[in-house]
Amino acid sequence: MRTFFSRERFGKPQVLAGLLLLVFVAECAWLLAHSAPNMESAEEVVRVHEGLEQWHGHGVAGTPAMQPDAAPEWAALRSNEYDPDHSPLWYLIGAAPVAVLGVAPGSGFGLWLTHAPYVVFGVLLGASVWYVSRRLYGNAGGYIALALYCFSPAVVRSSALWVAPPGVAAAWGTFGAVFTAIAVSHTLYAPREVVLWNYRRIVLLGISLALAVGSQFSLALVIPVLLVFMFYLAPERRSAALVILAAASAVGLALLFAAYFFHPGIFLQSFKHARLLTVSAAALGMKGAYVQMLKEVASSGPVLVVLVPAALLMYILWPRSRYFGNTAPLLIALLFLALRVASPHDPDSVFSLIGAVFLFVFVAGIMADLLETTGRELTAAVVTGLLAANALWNLIGLGRIR
């Protein structure tokens with residue numbers, strides 16, 4: 001315990017980050033306090049009840065094998081086909097607290113319990129954003145990224161499920177997968193048996209992939225992206241990188257199999273019916289698709305309308321800023337935002353949310369670089385003012401909810 005609470009591990013930066021995350025939790029709690037069971041969409045009702053039925057041993061959620069114990073009203077809302085977008089994990093997460101405590105999901109307390117896991121995921125994603133940004137760009141970068149994250153209306157809404165699908169679990173899984181793969185790649189030149197020595201990161205990468213793909217099948221597309229990053233970072237250890245990614249994918253697949261409660265036939269059929277990508281090339285020529293994507297990014301914080309173009313301009317014009325730590329989150333953000341443009345008719349898409357989270361890291365990197373120049377005082381004043389205004393705007397918006 002003394003080692004854990006050492007100044008290096010738990011000092012002023014960690015305390016300040018923790019305070020910001022507490023504010024984030026308070027924002028989510030405010031939305032939950034102003035929610036009511038009748039605000040739940042039909043999709044949310046089915047998701048929670050199917051998950052609860054699976055916990056009680058009445059089949060596998062999201063598949064025709066689901067056989068409710070009775071014939072409740074929500075059963076008429078569900079599909080009798082395989083869910084092409086989500087694994088049972090998507091159903092089990094929200095239902096877990098009410099299954100453990102035996103609380104009716106339609107009650108007021110049940111509403112808090114079914115939403116609580118996603119608030120936890122939101123906090124964990126915020127902590128991950130801060131940790132990664134701080135490791136890449138120092139304390140300033142960590143604070144900027146976390147401030148953007150904690151006062152993002154889209155992130156708060158997704159974490160509290162306020163008229164929003166539960167995308168934060170998928171976002172955390174994707175974020176963890178990307179930066180865990182990058183971290184693993186940096187260890188491949190160590191003079192040791194790199195595959196066995198990296199078993200902890202392999203397990204962590206597998207958990208991240210299971211959470212991402214289990215929440216939305218289409219996020220399996222991140223696996224080849226990870227392989228490209230790993231090959232780029234360790235060109236002379238590509239065989240080791242391939243083995244590590246394959247091992248992590250196997251861990252993730254095993255965890256997904258567990259989410260099917262180890263029913264191999266249902267597991268295979270579910271993957272046969274999985275919709276891995278719902279994109280349209282024609283959408284890339286539609287102006288409305290780009291406008292929709294930009295509106296969704298702006299809903300992650302109005303300050304992004306200023307900071308993202310400024311950061312992109314600096315990245316293009318300033319060679320010093322074009323290093324891998326800035327390039328990687330930018331490329332991932334652009335990939336997911338492009339996928340959102342190509343799938344404009346998917347109401348439950350998490351692509352914009354994931355893209356925005358990686359934009360937080362990219363913006364933090366560029367701003368942290370500017371803070372190391374002779375114009376640091378002006379940069380600090382402008383960035384602090386913009387972040388404060390963004391936070392105030394978000395808090396005022398929350399205060400208007402009655």
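**Entry 1: the cavities.** I looked up the second largest cavity, which is lined by Asp85, Gln216, Ser218, Arg275, Thr278, Asp346 and Phe351. A cavity here is a set of points, on a 1 Å grid over the protein atoms alone, where a 1.4 Å probe fits but cannot get out, and lining residues have an atom within 4 Å of a point. The volume of the second largest cavity is about 50 Å³, a volume being the space filled by probe spheres set on the points, with grid points joined across faces, edges and corners. I sorted its lining into one nonpolar, three polar and three charged residues. For these classes, Ala, Val, Leu, Ile, Met, Phe, Trp, Tyr, Cys and Pro count as nonpolar, Asp, Glu, Lys and Arg as charged, and the others, Gly among them, as polar.

I note that this is a predicted model, in which local features need pLDDT of at least 70 and side-chain atom pairs count only at pLDDT 80 or more, while totals for chains, interfaces and linings use all residues. Residues are numbered from 1 along each chain as its sequence is written, and side-chain values use heavy atoms, with hydrogens and water left out.

I then turned to the largest cavity, which holds about 70 Å³ of space. Its lining includes His86, Trp90, Gln216 and Asp348, and by class has five nonpolar, four polar and one charged residues.

**Entry 2: the largest pocket.** I found about 920 Å³ of space in the largest pocket. A pocket is an open set with protein on both sides within 12 Å along at least five of seven lines. Of its 33 lining residues, Val132, Gly176, Phe179, Thr180 and Leu204 are the closest to the centre. The lining divides into 23 nonpolar, eight polar and two charged residues.

**Entry 3: Gly126.** I placed Gly126 in helix α4; helices are DSSP runs (H or I, at least four residues), numbered from the N terminus. Gly126 is buried, at a relative accessible area of 0%, where buried means under 20% (1.4 Å probe, protein chains only). Leaving aside residues up to four places away in sequence, Gly126 touches Leu21, Leu146 and Tyr149, contact meaning heavy atoms within 4.5 Å. From Gly126 to Phe24 I read 8.9 Å, C-alpha to C-alpha, across 102 residues of sequence.

**Entry 4: Gly51.** I located Gly51 in helix α2 (residues 42–55). Gly51 also counts as buried, at 0% relative accessibility. Beyond residues up to four places away in sequence, Gly51 touches Ala61, Tyr91, Leu92 and Ala95.

Technical notes
Helices (H or I, at least four residues) and strands (E, at least two) are DSSP runs, numbered from the N terminus. Buried means under 20% relative accessible area, exposed over 50%, partly exposed in between (1.4 Å probe, protein chains only).
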